Amino acid sequence: TLDVDAVMKEITDTSQLGQRDEAFFVGQMVLVLLVAFPPFQMDLGDDDAKFGDPLFGLATMALAAVLLVQGSKNLGNSLTPFPKPRADNKLKTG
């Protein structure tokens, strides 16, 4: 199981600031926010929503949720938002 308190402590710990490649984490969050809240709207030329568009969107979100939950279960306490692994965990493969 995931120890949320340990992950939050690691994220808020400033003693190793810059040593865990936080720039990648911040860059990912900026990209996620730009996708979620785009600064401009693209005109795709077709204003009619097709029947399958909402279904495809919902199916994609459901798949993302399943992958997120399964990944969190599989990684357990090895889960970290930073590129470098946590000091007290080992690489899990297979």
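What percentage of the 94 residues in the protein chain is made up of buried residues? The figure is 10%, where buried means under 20% relative accessible area, exposed means over 50%, and partly exposed lies in between, using a 1.4 Å probe and protein chains only.

Before I go on, this is a predicted model, in which local features need pLDDT of at least 70 and side-chain atom pairs count only at pLDDT 80 or more, while totals for chains, interfaces and linings use all residues. Residues are numbered from 1 along each chain as its sequence is written, and side-chain values use heavy atoms, with hydrogens and water left out.

The chain has 3 helices and 0 strands, in the order α-α-α along the sequence; helices are DSSP runs of H or I with at least four residues, strands are E runs of at least two, and both are numbered from the N terminus. Of the contacts (heavy atoms within 4.5 Å) between residues at least 6 apart in sequence, 62% join residues at least 24 apart.

Helix α1 spans residues 4-12 and contains Thr 12, which is exposed at a relative accessible area of 52%. A polar atom of the Thr 12 side chain lies 2.8 Å from the backbone oxygen of Met 8, and one lies 3.4 Å from the backbone oxygen of Lys 9.

In helix α2, residues 22-36, we find Val 30, which counts as partly exposed because its relative accessibility is 42%.

Conventions: A polar contact is a pair of N or O atoms within 3.5 Å; within protein, one must be able to donate a hydrogen and the other to accept it, and residues adjacent in sequence count only if both atoms are side-chain atoms.
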